Amino acid sequence: MRKLPILSACVLSAGLFTGSAAVADPVTVPVLAPITGFLALEGGAQRNGAELAADHAGDGKIEADVQDTTTAPAVAVSAFRRALRDGKPPAVLGPILGSQMLALLPLADAEGVPILTISGTAKLTEMGSPNIFRFFPGDVVVKAAHARYAVEDIGMKAPAIIYQTTAYGQSGRAELVANLKKLGVTPVYEEGLPPSAKDMASALAKARAAGADGLLLHLHGGPTALAVRQAFELDMNLPIVAGSAMHQPTTAALLDPAMLKGVCAESGSAPAAETSGAGKDFADAYRERFGQEPDAFALAEYDAMGMLATALAGGAKGPADVRKAIAAMRYPGVAMTYRTNGRGDMAHDAVIVCYDGASHRARIAKRYQALDGVK
Amino acid sequence: MEALSLQLLFNGLALGAGYGLLALGFALALRSAGAINFAHGDVAVAAAYVAVAGGALGLGGPAAAGLALAAGALLGLSVAGLSWAPLRKRPIEATFIAAIAIGIVLQNALTASFGGAPQAPAQVAGGGFNAAGVFMTWQALIGLGVAAAAFITVWGVLAHSQIGRRMRAAAEDPEIAAAHGIPVLKLAILAFAAAGALAGLAGVLLAAQHYATPNAGADYILKAYIAATAAGWGRILPTAACAVAIALFETIGAALVSHAVAEALLYAGFVALLAFRPQGLGGEAQGKRA
C-alpha cells in the first residue's frame, strides 16, 4: 500500500530540515479558515486537513497557526495582517470563502506572499496574480464531470437543474449548462433556490411536469438533503446527480439510506469512499485524529499543506522560493497530482460517487482526470 | 395538479406549524414584557441542538422533543436574566443589542460544540403515508397537532385564567398593575420562559423537517418579526396566524412563480405594509413600537 505522499516526502527529505534547522524553531504556516459562521463545516474541514498535514510533516517541523476568519472579509484581512506581523511566512493557507480570498489576494500580492486556497471562486485565478494557488478543482472541472456522468453514464437527455441563488450556485449552474451544451443536451427546467427555501416540492414537481428525465442539483448541504428527501417522498423515481455537498458524509447522514438509492454526486475527491491506497490511509488517519469522516475539502487542504511542506523540504526558504517551487512542481498528492495551469489552478481531476440505498457510505463510481485539459 | 396543490398546502401548513409556534413565543414576550427578543430564533435553534444531543445519548424522538422544550424554557429565562431584566429601564436599544449578543454567543457555542454541518434531531414519529396523492409524514402531522394545541392553550390562558389577566394588565400598564400588587417582573420572566419553551418546540419541529444549522436562527427571527409587525405589534394569536400565512405564501407562492420571486414578493409586501399601515393589519395592541 502506498504511503501518504506528504509523509514519504517529509521523511525522505528530513535531512533538509535537520541539516539546517536542527535547533531552529518550526516553520509557522498561518492557516486562515472560517471556523465559525455559515461556512463552519467547510472551515473546520480546512483546519483539520491543515493540522493533520502539519502533524505528518513530522517532528514538529511545521506548525499550523489556525486563525478563525468567521465569514467577514474584514476579519480575514485582520487575520492576514496579524499573520505577517512578526515577519513574512513562507506562504499562507487562505480561507475557503471566495469573498474573503478576493479581499486577501491584493494584500498577498503587495506583500509577495503565496496564498494557497481551496476556494472554488473562479475569479481568483483569473486576476493575473502570481501568488494564488488553488488546490480544489473549480467549477470548470467538477461541473464537466457532473454533466458528463449524467449524460454519458446515466443517459439523461432532458435534465432539470435546481441550483442555489448564491454566487456558488450561479457559478456552478453556468458551468453545468455550458458542459451540457457541449454534450448536446439542453435542460428542460431550471430553478434557483435561495438558501432559506424550506420546501422543494414545487421545484421538484415543476421539473417533473417539464418532462425531466433526471435531476441535477447544485445546492448547499442542507438543501441538497432536503431535495433528495422530498424527491423520494414525492416518488419522483428520477436519477439524481448532485453537487459536491452530497459527497459529504454529514449530508448523507441526514437521510435514510433508502432515500439515497441511485443518488450520485460530483466532488474533487471522496476520501471517505476510498477503500485502498493513500486515500484510505488519509481517511483512517483523519478518523483516528478527529473522530469524523473526512471530506474533499479536508483532503485538498491536506494536499496543499503537503505540497508546501515538500517545497520547504526541497530548500525553499521564503515566500519567493515557495512561489517559484510550487509553480514549477508536479506534486503527487493524495487526491490527485497537482500542477499549475499557469494561472494557479492546481487541481484538474474529479470523481463521481454514488450511494446504493443500503448504507450511508458512498462508493466511487467514476474518476475523471485532466478535465480542463491540463496534463 | 390537484394532488400537487394539496401537497403544497400540506407542506405549507407543516412549515407554518413551526413558524407559528416561533412567532407565538416572540409575540408573547413582546406583549407581556415589551421585549423584542432578537435571540428568540437562536433559542429555537439551540433547543433543537439539545434534542440532537439527546438523540445521540439514546433518547427517542418524544423525549428529545420534551428536552428541547425544557431547554427552550431555560434559555428563555437566561435571555430574560441576562439581556432584559438588568437593562429594562435603560433605552430599549440596550436590550436589543444584549439579545443580539446572546444570539451570537449561542450560534458560536453551537458551532464549537456540534460543528457547522446541518443536523436533524430524532423524529417524534418516523415515516409517513400517502393519501389521495399527498405524502404526509407522521412528524408533520404531529407538529400540526402540537402547534394547534399550543395556540389554543396560550389563547385559553391569556383570555380565561387569572394569570393571563394579570399578564395582560401588566403589559397594558406596568406601573398601575404593580400598584395593584401584580408581580410585574415575575410575570414578565414567566412569559420569557413560556416563549422559550414555544421556541424550543418550534426549533425541534423545524429542524426535524428542514434540518438545523447554528446560524438558522437569523432566518427564523426575521419571519417572526415580520409576522409580529404584520399582525399588529403585541397581538399574540394574530401574529401566529400571520406566521402560518407566511409559510403558506413561501410554499404556494414558490409553485406559482418561483422561490426567489416568492421571497422577493414577501419582503416587498412587508415594505408596502410598513409604508401604508405601519401599525399592522390589526393595529397595535400596546400602542407603542420599538
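Modeller: Two strands pair if DSSP finds at least two bridges between them. Strands (E, at least two residues) and helices (H or I, at least four) are DSSP runs, numbered from the N terminus. This is a predicted model, in which local features need pLDDT of at least 70 and side-chain atom pairs count only at pLDDT 80 or more, while totals for chains, interfaces and linings use all residues. Residues are numbered from 1 along each chain as its sequence is written, and chains are lettered from A and ligands numbered from 1 in the order in which they are written.

Biologist: How do you know that β13 and β14 of chain A pair, and in which sense?

Modeller: Strand β13(A), residues 350–354, and β14(A) have five bridges between them, in the antiparallel sense. The cut-off is two, so they count as paired. A:Val351 has A:Arg367 of β14(A) as its bridge partner.

Biologist: What is the strand order of the open sheet of seven strands?

Modeller: The order is β7-β6-β8-β9-β10-β13-β14 (chain A), and the pairing is mixed.

Biologist: Why do β7 and β14 of chain A stand at the edges?

Modeller: Each has a single partner strand, so one side of each is left without a neighbour in the sheet. Neighbouring strands are turned by 20° against each other on average, direction ignored. Axes here are lines fitted to C-alpha atoms, for helices over the stretch in contact, with angles from 0 to 180 degrees between N-to-C directions. Helix α7(A), residues 167–182, packs on the sheet by touching β6, β7 and β8 of chain A, and its direction makes about 155° with that of β6(A). Contact requires C-beta atoms, placed from the backbone, within 7 Å.

Biologist: What makes β8(A) mostly covered?

Modeller: Five of its five residues are buried. A residue is buried if 20 or more other C-beta atoms, placed from the backbone, lie within 10 Å of its own, exposed if 12 or fewer, and partly exposed in between. A:Gly214, A:Leu216 and A:His218 are on one side of β8(A), and A:Leu215 and A:Leu217 on the other. β6(A) and β8(A) pair in the parallel sense over five bridges, with A:Pro159 opposite A:Gly214. β8(A) and β9(A) also run parallel, joined by two bridges, and A:Leu215 stands opposite A:Ile240.

Biologist: How do you know that the buried residues of α4(A) line one face of the helix?

Modeller: The buried residues of α4(A) are A:Val75, A:Ala76, A:Ala79, A:Phe80 and A:Ala83. Seen down the axis they fall within an arc of 140°, so they line one face. The arc is that of the directions from the helix axis to the C-beta atoms. A:Ala74 and A:Arg81 are exposed, on the face turned away from the buried side. The cover over the buried residues includes β1, β2, β3 and α5 of chain A.

Biologist: Why is A:Thr70 called buried, and why is B:Ala132 called exposed?

Modeller: A:Thr70 has 22 C-beta neighbours inside 10 Å, so it counts as buried. B:Ala132 has 9 other C-beta atoms within 10 Å, so it is exposed. A:Thr70 has a positive phi of about 45°, and phi of B:Ala132 is near 55°. Most residues other than glycine have a negative phi. A:Thr70 is in the loop between β2 and α4 of chain A, and B:Ala132 is in the loop between β1 and β2 of chain B.

Conventions: Contact = placed C-beta atoms within 7 Å.
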